[in-house]
Amino acid sequence: MAAVHGDTHGHGHDDHHPSGIMRWVTTTNHKDIGTMYLWFSFTMFLVGGFLAMGIRAELYQPGIQILEPELFNQFTTLHGLIMVFGAIMPAFVGFANWQVPLMIGAPDMAFARMNNWSFWLLPVAATLLIGSFFVPGGAAAGGWTFYPPLSTQGGLGVDLMIFSVHILGASSIMGSINIITTILNMRAPGMTLMKMPMFVWTWLITAYLLVLVMPVLAGVVTMLLTDRHFGTSFFNAAGGGDPVLFQHIFWFFGHPEVYIMILPAFGIISEIIPTFSRKPLFGYSSMVYATASIAILSCVVWAHHMFTAGMPAVGQLFFMYATMLIAVPTAVKVFNWTATMWRGSMTFETPMLFSIGFIFLFVIGGFSGVICAIVPIDIQVQDTYYVIAHFHYVLVSGALFALFAGAYYWIPKWTGRMYNETLGKWHFWLSMFFFNLTFFVQHFLGLAGMPRRVPDYNLQFADFNMISSLGAFGFGLTQLLFLYIMISCIRSGEKAPQMPWEGAKTLEWTHLPTPAPYHSFEKPPVVN
Amino acid sequence: MGSKSVVTLAGVSALALYSSMAVGSLGSRYNFPEPQSIIAKETYDMHIWLMWVCLVIFIGVFSVMFYSILKHRKSVGHKAANFHHSTAAEVIWTIIPCIILVVMAWPATKTVIAMKDTSSPDMTIKATGYQWMWGYDYLQGEGEGISFFSRISTPRAQIENKEPKGEHYLLEVDNHVVVPVGKKVRVVITANDVLHAWSVPALGVKQDAIPGFIRDTWFTADKAGIYRGMCSELCGKDHAFMPIVVEVMEADDYAQWVATQLSASAVKTSMHVENK
């Protein structure tokens with residue numbers, strides 16, 4: 001703890017730091033780094049969104065119009081990888097950088113220099129990933145899950161993707177160690193673990209999950225790399241390997257990864273709902289236990305992604321039961337949020353709207369999740385648009401809506417300015433409308449049997465695909481409104497009052513000026 | 001602002017959409033294709049019943065939440081209460097989902113065990129996935145020895161939008177997999193190059209094809225007809241263009257089909273021998 005304070009060298013920490021580009025390159029300030037994470041992830045969100053627009057444009061009508069099948073596969077693969085590793089995950093790390101020190105009363109992250117390094121790895125990884133479109137053979141085209149042997153067939157693009165995943169993994173592991181250390185060692189006096197804000201709790205648990213599973217991902221991509229270039233046969237049956245082994249290892253990472261992207265979202269929602277209900281969070285300790293149970297269960301359900309790969313009935317039954325069990329702690333969370341709202345005194349500013357939208361749509365995604373857990377039904381919907389609809393309900397209207405909610409909620413604290421409430425509400429309602437237009441009909445497409453990752457389809461799927469594409473274009477455009485709202489807030493928003501949300505109770509609102517100064521909590525606050 | 005009515009409207013319309021999904025059995029475009037085997041039928045019914053369960057829970061949870069949103073708002077002067085936990089409530093709403101899950105899991109378990117039982121088939125067919133077509137070998141039972149490839153028969157011009165698309169666009173092949181009605185058909189599935197998946201939704205069958213490994217599944221078709229499916233595991237550029245078409249025939253027709261196939265292949269073999 002003393003090591004990170006580092007302000008023993010005479011001059012206090014005022015705002016003198018390099019200016020211009022060097023400020024951002026050399027910064028060790030958690031707020032600067034948080035800001036960079038958020039801008040990076042939004043940029044990646046636009047890139048991934050552009051790819052999504054390409055996919056939906058091709059699928060607007062049956063037949064091949066815009067993207068040849070090879071390029072279409074590159075688009076779907078990179079859309080997935082960029083959104084998961086470039087947009088959603090770094091955005092949550094950005095929130096952690098900004099908010100964890102502010103919410104636990106710490107002056108900065110525990111490892112400030114490593115924090116800088118974890119961020120600056122990201123643009124390198126992103127360059128490799130996006131640059132792979134321009135190498136001979138194009139980008140990886142084996143799906144974001146890059147199952148071998150297909151991914152063993154790919155060209156240089158696959159190698160670039162593997163290196164990119166390695167770098168992203170290293171960044172995530174460093175970020176997680178930093179977050180764990182900060183939370184465990186740098187809480188203000190009096191803030192026991194069971195007094196921490198829910199956002200901090202969810203990130204603590206998420207960071208442990210990351211440290212557990214990112215090395216597994218690194219391992220599996222390394223095995224793929226050696227299979228590709230160094231004559232090993234981990235995933236090649238002709239050499240004594242097994243392609244299904246890849247799937248087991250990948251999903252041992254991949255399923256906890258799903259929760260890595262949703263647990264911090266639960267945390268953000270659990271901060272916002274009490275604030276705008278003007279009532280404490282209902283069942284705080286059961287929320288903590290539910291989060292921990294979800295994290296633990298998430299490590300023993302991976303093979304539910306592989307029910308059609310073929311496994312013994314006992315295996316299918318185990319993974320079905322374990323998966324269904326996750327519904328219990330998740331339901332507890334939804335009930336607790338509802339109980340928090342119950343008999344509150346609610347107002348519906350943009351963060352609250354996005355939070356309610358989150359709960360509403362996440363529950364739909366949760367239901368389709370339970371449906372997918374049921375083996376016979378999963379075998380019917382596996383690798384169809386039903387699965388696409390399911391995970392976009394939990395990742396877009398889940399993780400992404402929570403990120404929007406968090407951005408609107410904390411932007412006054414970060415910048416000292418208010419966003420435009422009317423435009424914020426427009427952003428919410430348009431997102432809500434277009435999101436459902438895009439993804440709800442995909443449930444029907446999947447049930448009727450349209451496979452995912454196809455550039456073309458039978459005429460029976462034509463009308464729903466057209467609706468879905470129109471929705472996607474609307475959703476994409478709506479996100480430019482978000483960009484406009486944020487930029488105009490930062491540049492010329494109205495000055496935010498000291499306490500813009502009357503129900504907020506966490507340290508950053510009660511103990512710090514608005515905007516938060518460049519260096520905060522140099523003397524830790526005392527929490528009762 | 002009419003945000004109250006907007007919220008209500010959004011809630012009602014979403015509910016309407018969701019319930020249309022539950023009662024979607026009316027039209028197959030909203031649901032699984034009409035089931036043609038016992039497993040597909042059980043799966044279909046299970047899905048409908050789970051939809052109703054989900055709908056009831058959905059209405060339960062969100063009627064409480066939306067009542068709260070309408071009544072417990074600052075703009076109507078509601079003062080916030082200050083309760084923050086209730087052990088009794090929390091125990092109850094942990095136990096109730098557990099019970100619901102057990103009720104959901106029970107029928108599914110029986111179907112899983114039935115699906116996995118590939119023993120004592122009337123006939124066995126091997127399906128092999130290639131980039132990008134399927135190969136079929138009749139290994140055992142009536143038709144043993146028949147062997148052929150099955151490629152998409154949709155003309156390239158239709159895919160490139162130079163010709164109008166037919167009814168079975170992308171779902172038609174040159175050689176159908178022909179099976180007799182009412183017989184237990186075991187399909188052993190493998191692949192030659194990369195992963196594929198052999199899938200026929202109406203028969204309730206989907207199994208990944210894994211190079212170097214054999215997996216199996218089974219179906220018994222209830223009635224004669226043609227049932228279509230697609231490769232369901234990304235396998236490269238023509239993944240969308242390797243459909244599966246199963247033609248179920250009455251016993252007599254099937255016997256005749258087998259006879260034709262075997263004599264055709266006998267001719268081929270003898271020609272082959274003569275050419276030597």
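The model under discussion is predicted.

1. Cis peptide in chain B. Trp132(B) sits in the loop that links strand E1 (123-130) to strand E2 (133-140) of chain B. The peptide bond between Gln131(B) and Trp132(B) is cis, with omega about 0°.

2. Positive phi at Phe521(A). The segment after H19 of chain A also holds Phe521(A). Its phi is near 50°, a positive value in a residue other than glycine. Is Phe521(A) buried or exposed? Phe521(A) has 21 other C-beta atoms within 10 Å, and the cut-off for a buried residue is 20 or more; Phe521(A) therefore counts as buried.

3. Positive phi at Arg453(A). In the loop between helix H17 (421-447) and helix H18 (462-492) of chain A lies Arg453(A). This residue, which is not a glycine, has a positive phi near 60°. Arg453(A) counts as buried because 22 C-beta neighbours fall inside 10 Å.

4. Helix H16 of chain A. Where does helix H16 (residues 385-415) of chain A bend? The bend, of about 40°, is at Tyr409(A), and a proline, Pro412(A), follows within four residues. Of the 31 residues of H16(A), 29 are buried, so the helix is largely enclosed by the rest of the structure. Just after H16(A) comes Gly416(A), with a positive phi of about 75°.

5. Domains of chain A. The domain assignment divides chain A into domain 1 (26-261) and domain 2 (272-518). Their C-alpha centres are 19 Å apart. To the contact between them, domain 1 of chain A gives 45 residues and domain 2 of chain A gives 43 residues.

6. The domain 1 side of that contact. Which elements give two or more residues to the side of domain 1 of chain A that touches domain 2 of chain A? They are helix H3 (30-58), helix H4 (69-104), helix H8 (198-229) and helix H9 (243-260) of chain A. H4(A) supplies the largest share of this side, eleven residues. By class, the side of domain 1 of chain A that touches domain 2 of chain A consists of 28 nonpolar, 14 polar and three charged residues.

7. Chain B as a whole. Chain B contains five helices and ten strands. Among its 276 residues, 38% count as buried. Considering contacts in chain B with a separation of 6 or more, 64% are between residues 24 or more positions apart.

8. Gly166(B). The loop between helix H4 (156-159) and strand E4 (177-180) of chain B includes Gly166(B). Gly166(B) has 15 other C-beta atoms within 10 Å. A residue is buried at 20 or more such neighbours and exposed at 12 or fewer, so Gly166(B) is partly exposed. Between Gly166(B) and Thr154(B), twelve residues apart in sequence, the C-alpha to C-alpha distance is 8.3 Å.

Key:
Residues are numbered from 1 along each chain as its sequence is written. Chains are lettered from A and ligands numbered from 1 in the order in which they are written. This is a predicted model: local features need pLDDT of at least 70, side-chain atom pairs count only at pLDDT 80 or more; totals for chains, interfaces and linings use all residues. Two residues are in contact if their C-beta atoms, placed from the backbone, lie within 7 Å. Domain bounds come from an automatic or database domain assignment. Ala, Val, Leu, Ile, Met, Phe, Trp, Tyr, Cys and Pro count as nonpolar, Asp, Glu, Lys and Arg as charged, and the others, Gly among them, as polar. The bend at a residue is the angle between axes fitted to the seven residues ending there and the seven starting there.
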